[in-house]
Structures are given as structure tokens and as C-alpha cells.
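Here is a friendly walk through the model you have open. Keep the viewer handy and follow along.

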Amino acid sequence: MNAISTEETVADRVANALVRHDVQYLFAQSLPSAVVLAAEARGIRQIAYRQENMGGAMADGYARISGKVGVVAAQNGPAATLLVPPLAEAMKASIPVVAIVQEVERDQSDKNAFQELDHIALFQSCTKWVRRVQTEERIEDYIDAAFTAATSGRPGPVALLLPADLLRARVKPALVDRRTSIGRYPLDRYRPADETIRQAAAWIAAATMPVVLAGGGVHGANACTQLAQLQELASVPVCTTNMGKGVVNEHHPLSLGVLGSLTGPRSLGVHTRQFLEEADLIVLVGTRTNQNGTDNWRQIPRTARVIHIDVDPMEIGRNFEALRLTGDARETLKALNAALEKEDLSLRDLARPRLEERIVRSWSEFEDARRAVTLSGRSPIRPERVMRELQPWLDDDLIVVADASYSSMWVTGQLRGTSEGTRFITPRGLAGLGWGLPLAMGAKLAQPETPVVAVVGDGGFAHSWAELETMVRLNIPVTTIVLNNGILGFQRDAETVKFGRYTSACHFAPVDHAQIAAACGCRSARVDDPADLANLIRMGIEADGPFLIEVMTDPEAHPPLSLFAAMDQAA
């Protein structure tokens with residue numbers, strides 16, 4: 001064999017590295033062609049999306065469920081710019097995504113080549129790390145660096161820019177074969193010093209009313225078991241943010257459900273927010289303490305002590321001064337539980353019966369308040385009734401994915417997680433409309449044997465309905481529930497509260513989404529009678545291919561958000 005025949009292209013090296021990092025799917029639209037061809041030749045499946053802003057969200061959903069890095073690829077120029085929204089969501093939500101972006105050829109740089117753009121400047125605001133590779137021999141260094149940046153510390157997206165001529169260039173075989181796989185996250189697990197752990201344990205043991213507020217970082221660190229152990233060991237009530245929903249069993253007698261801005265009439269939060277208001281100690285775990293997660297930063301009392309566990313040191317103390325427990329949530333909670341076992345927890349044990357009574361009463365009052373809408377037989381259909389019919393499927397390990405805006409609020413506020421680690425995916429990093437469907441597609445690819453339902457509004461679904469064809473072509477069996485109320489619900493309601501009127505953009509012309517799905521070859525049904533919901537949901541979930549259910553919903557229904565509390569009370 002001569003020397004030339006043993007050489008590989010840089011694209012071959014990229015594909016080999018992807019295989020080494022256990023990449024099974026490449027979310028792409030054929031470009032960079034050299035990379036996609038090499039990847040497909042090695043058994044990596046291309047998930048060819050239709051809309052150039054959807055691939056990044058698919059990779060995001062895949063990463064959230066699989067525990068592995070999502071990899072998306074795109075052409076330079078316009079396609080690259082459309083990666084910005086999903087990468088920005090992944091950045092805020094701490095999801096590891098590697099974006100492989102074709103760059104203009106090296107000798108054409110700064111010459112106004114076709115679709116040339118300053119991609120480094122483009123991606124600097126929405127990624128942890130962005131690099132352009134210029135030297136063939138260093139390609140594996142940069143691939144490994146990209147995966148390391150995505151999975152280490154606070155996970156997040158990265159961008160790797162690969163000039164087209166570089167990908168075609170031939171390189172000699174490496175002198176040493178690389179074997180390390182770094183395609184899973186978190187890459188490194190570390191925890192705070194023992195002294196800090198012991199101090200936190202002592203604070204919890206001595207507190208009269210401690211409460212845990214858990215965010216999506218618990219899911220990201222796979223720390224649900226350890227948080228459930230803390231809840232039980234120290235008899236501490238646990239509430240969650242929207243992204244943290246499912247980290248604990250919401251049927252546990254010390255579970256408070258999702259709080260945040262869901263505190264209006266007919267909400268669970270109107271009853272459970274008192275636990276945070278009365279707390280003398282708040283334990284924050286894997287949360288950014290963002291606006292929606294704390295109802296405009298009002299829910300954490302300034303008189304309470306705060307312990308904050310987070311892998312990102314910059315998030316600790318951002319909004320609330322706290323005892324700093326910087327580290328991986330799973331390892332930190334494991335150490336904290338061990339320290340608590342050495343503490344006198346008699347105060348916590350004595351407080352538990354009364355706490356459980358109050359929490360049971362809160363859930364009961366919530367059920368009483370919402371019964372009229374969850375059981376409503378009226379048409380148009382109440383979204384709460386849709387959630388009621390979806391609830392039993394959570395016992396079958398259903399993954400529920402929601403679009404932004406009201407869809408997220410219906411899912412997080414009306415469904416009740418049945419076990420620790422139940423997955424509810426919501427795009428709450430930046431909360432962009434249209435990401436529910438592609439997130440669900442990525443989630444389904446991550447767990448093909450698990451049923452996945454996407455709950456989307458008609459407003460958000462319009463951003464992504466072209467991916468119905470993708471689901472059919474690639475047989476990705478997601479059940480999509482479109483809540484069609486004919487309006488941009490949040491926009492109309494928020495403008496009404498703030499200005500007393502709303503703009504002309506809030507109402508849509510009638511659209512038959514079931515017919516759109518059928519035109520793509522997707523089985524579908526349109527429902528305006530709530531009595532038909534249960535059977536259609538069963539049909540959708542049990543189908544062997546994608547299925548769309550269009551539910552004609554009440555345009556006057558909105559989730560019980562604090563923003564609308566005064567309006568709802570006056571109604």
C-alpha cells in the first residue's frame with residue numbers, strides 16, 4: 001500500500017472523531033457535504049431537517065434526553081445565522097450542542113466570497129466557545145476541544161468553523177490513535193470542600209422552615225435520586241422551576257410542584273407560595289434564579305438564609321447572597337446527604353407531619369379550584385381538559401415536550417409528575433416560539449422506545465410545521481397536540497393587562513392543521529368535542545408513526561399566571 005492511499009481527508013478525521021465520541025445522529029441539511037458523506041459512511045444517521053433554524057433545536061432535545069452531546073451541522077452564511085436562536089436557547093438552558101459550520105475556503109477569506117460572514121462574531125454571544133480551524137493536522141485537537149468545552153463546567157453550545165477546502169485536504173494517518181470518548185455530560189464531576197458541605201448540613205438541620213427550589217440543572221446533572229434522598233432524609237419541601245419540573249415525584253407528600261409565575265387564581269402556586277414566603281432557609285439547586293423561576297425575584301424572602309448549589313460559580317450570588325456550594329449537583333447533593341446523616345434532624349422530623357398536612361391541603365384546594373375546567377365538557381375545549389386526558393400516560397414514562405408561552409404553562413402547571421426523573425421539556429432558556437416540535441423530535445430519537453408528546457400552540461406551530469414532512473420521511477413517531485385557539489394568546493392577554501388593548505397581530509385566519517399534517521402524509525385528527533380526547537390521545541401515542549391531534553381550544557383560556565391575577569379575580 002503506497003503512502004497516498006493511506007491518507008485520509010480532514011472530513012474523514014472529523015467523522016472518525018464523531019464516532020469516537022459516540023455520535024449517532026447528525027442534525028444537518030447535507031452541508032458541509034464532505035463531513036456528512038463521511039459521517040454517513042461510518043453509520044452516523046443524518047437527520048435532515050427542512051427549516052434551517054430547526055436542526056439546532058432537534059440537537060438540543062436529543063441532548064436533554066440522551067445525556068450526550070447533540071451535533072448539528074450547517075452551511076456558512078444564512079444557514080449559520082439561523083443557528084443563533086437554538087444555540088442561544090441551549091446557552092441559557094445549559095445544554096451541550098456542538099455546531100459544525102462550513103466556512104469559506106481559506107484563500108477566499110475577506111474577499112466577499114459567496115455567503116461569507118464573520119461567523120466568529122456571529123456565534124460569540126450564543127456559544128461558550130467558537131473557533132475556526134486553519135491547520136489540517138490539528139483537526140482532532142479542535143474536535144476534542146469542542147466536545148470538552150460543551151460538556152465541561154456548565155454545559156452549553158459551541159461552534160467549530162471548518163473551511164470547505166480544509167475538509168477536502170488530505171492528511172497522513174495520526175501517529176497515535178485517540179481512544180477517549182467525551183460525548184457525554186457532565187464531563188467532570190466535582191463538589192465543594194467538606195467544610196462548606198458540613199456548614200450547609202448544619203444550616204438545614206437547624207432551620208425551622210427550609211425549602212428547596214430546584215431547577216433544570218438537577219436534570220442536567222442526573223441528580224434526581226440524590227435530591228429525592230435529601231427531600232426524604234431532611235423532611236424538606238421541594239418546589240421546582242419550569243425546567244426543574246419532574247426532578248422529584250410530585251406525589252411525594254413533601255412536593256410543592258412548580259411555582260414561579262404560576263400563582264394566579266386556580267393555580268397550585270397560589271396555595272404553595274406561602275412555603276417559600278415563610279422559609280427561613282432556601283436551598284437553590286441547579287437554578288439561575290431567573291425572572292420567571294422566582295416570579296420577578298419576589299418569592300425568595302430577603303430575610304431567609306440561602307444555600308446555592310450550582311456548577312456555574314457566576315450564578316451563585318447573582319440575585320441572592322448565598323452560601324456557595326459550587327459543583328456538580330449530583331456529587332454535591334450526595335455529599336450533603338452524607339453530612340446530614342451525621343446531624344441531629346429531630347427538628348425536621350417533628351415538623352414533618354404538620355408540613356405534610358398543609359401540602360396535602362394545598363393540592364386538594366388546587367384540585368377543587370380547577371375541577372370545573374379540567375372536567376369541562378364545553379366546546380371550544382379547555383386546555384386543562386386536554387392535560388387531564390394526558391395525565392394517565394405519565395404512568396407509562398411518557399416524555400412531554402412543550403413549546404414556549406402558554407403551552408409550557410399548561411404542561412408545567414396542570415400535569416403532575418409521577419416519579420422522580422420524569423421528563424418535561426420546555427424551552428425556557430429564551431422561550432422562543434416554534435421549538436416544541438423539534439425538541440420533541442430530538443427527544444424521541446434519544447429514547448425511541450419511550451412515547452413522546454409535543455404540546456404546541458397554533459402560533460408556535462406555524463414556525464415549525466414543515467418538520468411534519470421530516471417526521472414522516474424519517475419515521476420519527478412523535479404525537480403532536482396542537483392547541484388551536486386562533487390567537488397569539490399570551491401576547492393578546494399581556495397587552496390587554498398592560499395597555500387595555502392589543503395589536504392587530506394577535507388574531508389569525510382559520511388554519512386547518514390536521515389537513516396540513518395529512519398533506520405531509522402524517523395521520524391526523526381534528527377534535528372539538530372533549531369526549532373524543534381520550535381515545536385520540538391513545539391512538540396517537542400507540543401509533544407506529546407520527547400523529548397530529550388538532551384540538552380546537554377556548555381562546556379565552558389562559559394559564560393562572562401572576563401577571564393576570566388581578567384580571568382573573570375581577571372576572
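S405 sits in the loop between β15 (399–402) and α16 (406–414); helices (H or I, at least four residues) and strands (E, at least two) are DSSP runs, numbered from the N terminus. Although S405 is not a glycine, its phi is positive, at about 65°. Because its relative accessible area is 25%, S405 is partly exposed; buried means under 20% relative accessible area, exposed over 50%, and partly exposed in between (1.4 Å probe, protein chains only).

## About the model

This is a predicted model, in which local features need pLDDT of at least 70, side-chain atom pairs count only at pLDDT 80 or more, and totals for chains, interfaces and linings use all residues. Residues are numbered from 1 along each chain as its sequence is written, and side-chain values use heavy atoms, with hydrogens and water left out.

The protein averages a pLDDT of 96, and 98% of the residues score at least 70; pLDDT is the predictor's confidence in each residue, from 0 to 100. Over residues 1–5 the pLDDT is below 50, and this stretch has two contacts in the model beyond near neighbours in sequence. A contact means heavy atoms within 4.5 Å.

## Annotated domains

An unreviewed UniProt entry places "domain: Thiamine pyrophosphate enzyme N-terminal TPP-binding" at residues 9–122. The end C-alpha atoms of that span lie 28 Å apart, and the span is 44% helix and 18% strand. UniProt, again in an unreviewed entry, places "domain: Thiamine pyrophosphate enzyme TPP-binding" at residues 406–551. Here the end C-alpha atoms lie 15 Å apart, with 41% helix and 16% strand. UniProt positions are given in the numbering used here, feature names are shortened, and annotations may be inferred rather than shown by experiment.

## Backbone details

N222, in the loop between α10 (217–220) and α11 (224–233), has a positive phi near 55° without being a glycine.

## A valine in a strand

Is V130 buried or exposed? With 9% relative accessibility, V130 counts as buried. V130 belongs to strand β6 (residues 129–132). Not counting residues up to four places away in sequence, V130 touches I120, F123, Q124, A159 and L161. The C-alpha atoms of V130 and I120 are separated by 6.3 Å, and these residues are 10 apart along the chain.
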